[in-house]
Protein chains: 2
Amino acid sequence: MSSRTPADVLAILDPRHPQGFDFADPGRPALSVLDLAATRGDGVFETFGVRSGHPQALEAHLARFERSAASLDLRTPPLDLWRRAVLAVGGRLAADDFAVIKIVLSRGIEGADEPTGWLHGRIAPDHSIARTDGIDVAVLDRGYRHDVSSTSPWLLQGAKTLSYAVNTAALREAVRRGADDAIFISSDGVVLEGPTSTVLLRRGDHLLTPDLGLPILDGTTQGSVFEFATSRGLTTGFSHPTVADLEHADGVWLLSSVRLAAPVRSLDGRPIPVDREFTDALVAHLFERRG
Amino acid sequence: MSSRTPADVLAILDPRHPQGFDFADPGRPALSVLDLAATRGDGVFETFGVRSGHPQALEAHLARFERSAASLDLRTPPLDLWRRAVLAVGGRLAADDFAVIKIVLSRGIEGADEPTGWLHGRIAPDHSIARTDGIDVAVLDRGYRHDVSSTSPWLLQGAKTLSYAVNTAALREAVRRGADDAIFISSDGVVLEGPTSTVLLRRGDHLLTPDLGLPILDGTTQGSVFEFATSRGLTTGFSHPTVADLEHADGVWLLSSVRLAAPVRSLDGRPIPVDREFTDALVAHLFERRG
């Protein structure tokens, strides 16, 4: 290992290696064009922040990773192996910076019946302006009814899959509308989630997030936010919010593992109040958390 | 080039190469783990049959490839380059066999702003049993209304993207139900398409396929089927079929570029008539076509 802190770090799961994984040069090709990650988006992933070498909310991310894999009938290598590999990658990243690790499990090379797994770590992009100034958000139809997870599990809503083309298309549509990000609503008008974030709203001393029975991801950052809220004397809960609920909220945020909490300052052009002090405290809490 | 016919052939687009592409060893990794094909399913593809070195319905596939790329705001290298690369890959495949070429364009390595493109050819899998004996099909909800393409283009219905996790999950759900394949219906009851195929139904002397305004792919094989039907004196058309229309049809097929035409012999366990003579003639037509 070089004494120089690397810009990015790649580790690949390898059942033949005594550790179960090995480091590789992130600048060189590592995947077959026949890998179902690349040809079918057929796999799952997690992304989390790494603060001073400590992965944040690691157990929540690993638990969701395993649930996502189960939704896709994907065999997951033991979580203990992923945990060790995450810590090894985290150990190679710069200790002083805020870094990000992505872990990916795909169904592997077509016909080979052996999953492919990798971990990639790097310095996190700078989201400080979004956290302080807030973001403009467009509301977009996700096309699904709010109850589609229970009626049609093959739609994989609730699994964090590699099939993110719709999520990235929604972000491009938001930019086309002059916004920075998007919030999806169900075809029957329930607020769901952002393409890469969980929605949080505040109404007086109550923090709310969309109910987990909805076709959304179980937000790992949202758990940390609710802990913070409770410590500040706020109550928390889950609901089926509407766009009107967002418009009349005392604050709306998009939560994610690396941008942490971005206050929404407008929704389809209509202003939303931004509480700078509360947001700063929330971001500081998320930034410093270890577990 | 070896005089031995290779089992599979890989070519990678390369703007620095005088040809615009170069051959590579398909057994070696060619993709970065940072390629958005692998991390976001953010790209488009086409798959087509190659008969005696001649790619089938190539122009229809290239046109759809370009439309899919446009839906994703992806810059497409010139179709002429793809055409030349396809013919070069086809020329290296075994001339006597039925082969398949997949062409893929991804948004490329995150942040690099340069798309990745590749072509992979190999001998086609043997689908003769599905073509002659027929397939059992399960009907599955696609979750979207029939008009979602016009209301919500960011859902990318109609684009052949690499984000196929739902398609493969639907096929696994079909197998779980004891079927071989699936037909998607819209949340409001309109028959759409299979996860990797176009639906065709026959009513007397009339062949029908779901209307292109629906959230489905513009089937390239379906065009060839309609030409065949016209040559046999059948009329053809587009409609908004229901499951009842399939159940009362004189025949239902799933059309695709490599399996060609697979007659549906049962739908959710209810038998559907299979016309062996018509199917054999249709498959022979599709198998032998050049253009």
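Trainee: Which side chain of opposite charge is nearest to E193(A), and at what distance?
Mentor: This is a predicted model, in which local features need pLDDT of at least 70, side-chain atom pairs count only at pLDDT 80 or more, and totals for chains, interfaces and linings use all residues. Residues are numbered from 1 along each chain as written, chains are lettered from A in the order written, and side-chain values use heavy atoms, without hydrogens and water. E193(A) is buried (under 20% relative accessible area, with exposed over 50%, partly exposed in between, 1.4 Å probe, protein chains only). E193(A) has no salt bridge (a side-chain nitrogen of Lys or Arg within 4 Å of a carboxyl oxygen of Asp or Glu), and the nearest side chain of opposite charge (Lys and Arg positive, Asp and Glu negative; His and chain ends not counted) is R142(A), at 6.0 Å.

Trainee: Which backbone nitrogen does the side chain of E193(A) reach?
Mentor: Beyond its neighbours within four places in sequence, E193(A) is in contact with residues including P215(A), I216(A) and L217(A) (heavy atoms within 4.5 Å). At 2.8 Å, its side chain reaches the backbone nitrogen of L217(A).

Trainee: Over the face of which residue does R142(A) lie?
Mentor: A charge sits over a ring if NZ of Lys or CZ of Arg is within 6 Å of the ring centre and within 35 degrees of the ring normal. R142(A) is 5.6 Å from the ring centre of F184(A). F184(A) is also one of the contacts of E193(A). The residue under R142(A) is F184(A).

Trainee: Is F21(B) buried or exposed?
Mentor: Its relative accessibility is 5%. Because of that value, F21(B) counts as buried.

How values were computed. A polar contact is a pair of N or O atoms within 3.5 Å; within protein, one must be able to donate a hydrogen and the other to accept it, and residues adjacent in sequence count only if both atoms are side-chain atoms.
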